[in-house]
Amino acid sequence: MNNNNKFSVGEFSEKTGVPIPTLHYYDEIGLLRPEKHPSSGHRIYNYQDIIILQKILSLKFLEYSLDEIKNLLNKTSFTVDLNESLSLHFQALEKKKKQIEQSMKSINRVIRLIEEEGSVDSNLILNLIHGMRIQHIQEEWMDRHMLTDIAEELEKKSEEDKISLDKTFIQVSKEVKQLYGKPVEDPKVQRMIKNYVEEFFSFLGEDLMQKLADTNIEGELDIQELENMTPSPFTEDEQKWFDQAIEYYIQQEEME
């Protein structure tokens, strides 16, 4: 077409880089409505449509929804309301940025674990990934219970420390599969628990351990909610056995 600065939908798509199905959809929802050929009904775009499309793409870049963009396009000027809206979008992007950075670190941890361990049970790896995936949910739980300082301290832990704890987790998981069914007081079982507890406490450090000891979380349901978020690689029976082995270990430590 391209007569008198007019474009068919194909030409307009090629000129702007926006796919034809997207242009069709924008027309259907009334976001960008070009002229229609009087006889064929084909869409005819002009330079004014390019300007409107640039506005749409600019607002999409700022993470506005299509409904929000539709309302903003009708405004002849922007006021402080836009600043408030932009601030909310900025906060949302900051949150998304943090989650992306956490995902990148988590991927790197898994890559290193597999490289250094050689072979890791797929269920264990997926369990670790799940734990990394819901980390932000656990942090939100801590924020709700005024434990932000503890969440921040955990976040500051180095990747080396986190990978070391992951390795301990993998080793304990393997040993649980091997030792499950033995009496919890069995020396091999208690040696496993001792190594696990010492590694975990070493990861936390004395300062963080003291903060946790001083924390008062009211309500068993709230604590259960946190426990439900924490993934376990064990079967229900294995988890009960493991918990009993830890209880026995703590009792023996308190008696000494």
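1. Helices (H or I, at least four residues) and strands (E, at least two) are DSSP runs, numbered from the N terminus. Under this definition, the protein chain holds 12 helices and two strands. Their order along the sequence is α-α-β-β-α-α-α-α-α-α-α-α-α-α.

2. The model is predicted, with local features needing pLDDT of at least 70 and side-chain atom pairs counting only at pLDDT 80 or more, while totals for chains, interfaces and linings use all residues. Residues are numbered from 1 along each chain as its sequence is written, and side-chain values use heavy atoms, with hydrogens and water left out.

3. Of the 256 residues in the protein chain, 30% are buried (under 20% relative accessible area, 1.4 Å probe, protein chains only). Contacts are counted where heavy atoms lie within 4.5 Å. Among those between residues at least 6 apart in sequence, 66% join residues at least 24 apart.

4. A cavity is a set of points, on a 1 Å grid over the protein atoms alone, where a 1.4 Å probe fits but cannot get out; lining residues have an atom within 4 Å of a point. Grid points are joined across faces, edges and corners, and a volume is the space filled by probe spheres set on the points. The largest cavity contains about 60 Å³ of space.

5. Which residues line the largest cavity? They are Q102, K105, S106, R109, Q135, E155, E159 and K162. Helix 5 (80-117) and helix 9 (159-179) each give two or more residues to this lining, and helix 5 gives the most, with four.

How values were computed:
On a 1 Å grid over the protein atoms alone, a cavity is a set of points where a 1.4 Å probe fits but cannot get out, and a pocket is an open set with protein on both sides within 12 Å along at least five of seven lines; lining residues have an atom within 4 Å of a point. Buried means under 20% relative accessible area, exposed over 50%, partly exposed in between (1.4 Å probe, protein chains only).
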